[in-house]
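Here is a friendly walk through some local features of one protein model. Keep the viewer open and follow along.

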Amino acid sequence: MPSKSSILSLCSLWAGQVASLSLPPLIPLIPGVTEPLTNNTPPLPILQIPSPPLSSPPFEGSDIKPKKIGYFWTGAGDKKHKDFLATYSLDDDTFGELIWITDIPSSGNDPHHLGSSLDGQTLVGGGLLSLLKTQDTAYYFDTSDPYRPEFLKSNRAVLSSITDEIRAKPDGGFFITYMGSAVGTSPGRLVETDANFNIIHEWPEDVDGTLNILGEQFSPHGLSIDFDKNVILTSDFVVPLSVLKPSTGVQYADTLRLWELSTRKIISTITIPNGGGIQDVKFIPGNPETAAIATAVALGQVWIIYPFRKDASGKQGVAELLYDLGPKARNVVAIYQDGKFLYLTLTTSNHIAALDVSDLDNIKRLDDPDEDQPTVSPHYVKVTPDQKHLVVTDYFVQTGDIGIVNVPADFKALYIDLNEDGSLSFNRSIDFTKEFSNRGGGKPHSSVVFDLTDPDKPYYY
């Protein structure tokens, strides 16, 4: 392992040089020349030909102005046309009507997570596989007109790649987990942007933090921040490169990192034994101990994290088992939505679980684990701001011939009614395969919901 002094020198160098990069495509668009290259190039092992995207087919936008708007960060199914942000009505009378499509200037990103600024003026979406075409990994959209989003800019980090979870900063800008290094290995980084969405830091940048992430797998996927209590939690999932061929198997992590927000320094590493991928973590609103909930994939379990408790050795941060989701949840992907009720997508079991977590000493399961639900590969989940609906996207990851993770999906956005007791009532969906058949279908991975019902109190989530 490098000496502490050499790490210090590197940290100082990185801290002074980290900045946003945004590079043009390596192969520029030449009409009539590059289209055959894009259409006919076979998949390569890992890195792909950085061909320019095919222009998106024409579409007819809608002039409706619904109070509830769904934004879906979507990949072109053929991986050749431009990836895009799809804007839909979520109002009851116009549900599922396509309002607008906002293209980005690249393809094959496998659009991943999507997040909103606190003022609702900007969305940012990350590309899971952008690295493979050596293109930008974070894409920003101007939503000052919520019915006509415009592509704003894109950039990439220097030390890290594989964009995942997003949290807005109160003073503008974002924190974003980048699960892998610049080449998709461990360690990743916690990236921070300024209010103009330029990358200003790739944390950690101090000596002890750098030694921490070099000493044990650091693949940050989940991200939760309590700005009032001055703590950050990131959860480690997988080494991104390990899902691509040639691979000896996916490399999962069992850890979370607890950070001090004000200094951006890692306080401790919290381990869930045999967790097999800690995919998500969220602080519980209003919890007196600032507790958070984390999902352990291999175990099919929900764990509770106490960031201010100390273990027997005096180390800050304690993890305890909260709820076992049962055998159908083992080795499946679970991501969750926080609040009084907890919703977890068991992706490869084609199931959405619902828990009443209002009393952490008496967890109640609200779904029937043996029920056949009308969903295939549910993954990303959002409760609408009015707490009446659950938005779920039925797509996780498909690496195709170049990888070993290809989870079947029906590529739908589900709009599920929430009953008063928190249970689910399935009734509406948007079919991205049919809607975008002229580009090989659409693969919606994540969503953001705007609720403009009360003009004086809009919600962006």
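Buried means under 20% relative accessible area, exposed means over 50%, and partly exposed is in between, with a 1.4 Å probe and protein chains only. By that scale Ser 377 counts as buried, because its relative accessibility is 0%. This is a predicted model, in which local features need pLDDT of at least 70 and side-chain atom pairs count only at pLDDT 80 or more, while totals for chains, interfaces and linings use all residues. Residues are numbered from 1 along each chain as its sequence is written, and side-chain values use heavy atoms, with hydrogens and water left out.

**Backbone geometry**

Most residues other than glycine have a negative phi, and most peptide bonds are trans. Ser 377 has a positive phi near 70° and sits in the loop between strand 23 (364–365) and strand 24 (380–383). Helices and strands here are DSSP runs numbered from the N terminus (H or I with at least four residues for helices, E with at least two for strands). Asn 230 also has a positive phi, near 65°, and its place is the loop between strand 12 (220–226) and strand 13. Asn 230 counts as partly exposed because its relative accessible area is 25%.

Pro 204 belongs to the loop that runs between strand 11 (199–203) and helix 3 (207–215). Pro 246 is found in the loop between strand 13 (231–236) and strand 14 (255–260).

Ser 160 is part of strand 8 (residues 160–168) and is buried, with a relative accessible area of 3%. What does the side chain of Ser 160 make a polar contact with? Its partner is the side chain of Glu 202, at 2.8 Å. A polar contact is a pair of N or O atoms within 3.5 Å; within protein, one must be able to donate a hydrogen and the other to accept it, and residues adjacent in sequence count only if both atoms are side-chain atoms.

**An open sheet**

Strands of a sheet pair through backbone hydrogen bonds, either parallel or antiparallel. Here, 4 strands make an open antiparallel sheet in the order 16-17-18-19, where two strands pair if DSSP finds at least two bridges between them. Strand 16 (278–283) and strand 19 (316–324) are at the edges with a single partner strand each, so one side of each has no neighbour in the sheet. From one strand to the next, the twist averages 25°, taken between N-to-C directions of axes fitted as lines to C-alpha atoms, on a scale from 0 to 180 degrees. Strand 16 and strand 17 (residues 292–296) pair over 5 bridges, and Ile 278 has Ala 296 of strand 17 as its bridge partner.

**The second largest cavity**

Ala 296 turns up again in the lining of the second largest cavity, alongside residues including Thr 295, Val 297, Leu 325 and Leu 346. A cavity is a set of points on a 1 Å grid over the protein atoms alone where a 1.4 Å probe fits but cannot get out, and lining residues have an atom within 4 Å of a point.

Terms used:
On a 1 Å grid over the protein atoms alone, a cavity is a set of points where a 1.4 Å probe fits but cannot get out, and a pocket is an open set with protein on both sides within 12 Å along at least five of seven lines; lining residues have an atom within 4 Å of a point.
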